[in-house]
Amino acid sequence: VAEVATTPAPPTGYTVRREDQFDFRSSEYADLYARADATPFQHGLWLHTLYEVLAPRRGARRLVVTVRDAEGRLALVLPLTRRRQGPLRVVEFADLGVSDYAAPVLDPRDASALLGDGGLARQIRAALGRFDLLRIERVASSPDTLVSLLAGARARRHAYHTHLVDLPGTVDGWYEGLDPHFVRHLARAYKRLRPKGDRRLRRITDPAEVEPLMERMRHFRAARFAGRRGVDLLQDDACDAFYRAAARESVTDFLGRLVALEVAGEPVAVAFGLADHTSELFMLVGYDVERLARCSLGQLIVDELVRDAIGRGQRHFDLTVGDEPYKADFGARPRPLFEVRLRRTPVGAVGVLARDAYLGARRVAKRVLLAREARRQAKEQQPGQARPAGQGKKRAAPGAQAPREPRG
């Protein structure tokens, strides 16, 4: 592993290094990841693909900080990137708009020694080199670990949340906790789909199937996003190339799950997500709105995925970032998200103010858009027309709301 810079050992006996060419496919990283309280977005395969495929297309350079003990054992990895955004020199977590959660990859055996050491935090900050602003977005639950590791960093709450479904041992047990009106709505959607042919959910394990299915997902999403003001990541060539590579590399591994909902042998919905031993993360989905608009495919694919996760003994189904109303229908509970910032120069401070103003304006525009859409739907409703039971308002399928704030 090529070391870009090495700092003197801090008082704890640990050594902070810049290892920008660190091998995330190595056994030492796999051992650390297996012990750490990280997320699938810090899995070695995901990070390797991000650095190799997406980072060059985004003009981002690797910045990897490691901490090792006196014997050279890996205790901590911070996978970061650095790039210019206008006049700003920005350091970010290895995210680049495609990862929902950021977390340090920290061996819990070293946590007490590392997190209380202000000298080590200053060593980590020095290893980052020159920058104007460090920004780590979408830190779930608590930002305390990252704040402790980065001298001078501060955290703030995001305006939106992440959403987690706690899974019981059976599908019936899960349905019992949902709104009965929504359960009946799903039953009606399945009934409308039934005449189209036999239905099955199939996990893809052959890498040769990845390209055609990812292309089908991209086509489905292009039709679904047509005419909207939102941005679909899969229509961006750089993100599309990354997701295809990640799916291709991970379908034979426990990390990635590429799934097709087939009707009469034809894929009508395609989903790609990540998983660990207890949770499944819902990331990308596309479904056939052109031929099956009345079948609520967006909701049915989520229902099918949750049912499958319960059958495999998973404890959580993570609907990830964004406050779309459909998530509450599936029993998801909101969790807070945080952003960690470190402003090192006046230029960085100005950049923070400008970004906050931009995102605030986007949130206002989003609320106006949603209100306008609600008024339009109300006008389209014929006077005296009865809605189906349990549908006091039109239920939004996954992705049907105005887009959340852009990542990265």
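Trainee: In which loop is Asp69 found?

Mentor: This is a predicted model, in which local features need pLDDT of at least 70, side-chain atom pairs count only at pLDDT 80 or more, and totals for chains, interfaces and linings use all residues. Residues are numbered from 1 along each chain as its sequence is written, and side-chain values use heavy atoms, with hydrogens and water left out. Strands are DSSP runs of E with at least two residues, numbered from the N terminus. Asp69 is found in the loop between β3 (61–68) and β4 (74–85).

Trainee: Is Asp69 buried or exposed?

Mentor: Buried means under 20% relative accessible area and exposed over 50%, with partly exposed in between, using a 1.4 Å probe and protein chains only. Because the relative accessible area of Asp69 is 12%, Asp69 is buried.

Trainee: Which residues is Asp69 in contact with, leaving aside its neighbours within four places in sequence?

Mentor: Contact means heavy atoms within 4.5 Å. With those neighbours left aside, the residues in contact with Asp69 are Gly13 and Tyr14.

Trainee: Over how many bridges do β3 and β4 pair?

Mentor: Two strands pair if DSSP finds at least two bridges between them. Arg68 stands opposite Leu74 in β4, and the hairpin of β3 and β4 has five residues between the strands, with Gly72 taking a positive phi near 90°. The two strands pair in the antiparallel sense, and the number of bridges is eight.

Trainee: Which residue in β5 is the bridge partner of Arg83?

Mentor: β4 pairs with strand β5 (residues 88–93) in the antiparallel sense over six bridges. In β5, the partner of Arg83 is Val90.

Note on methods
Helices (H or I, at least four residues) and strands (E, at least two) are DSSP runs, numbered from the N terminus.
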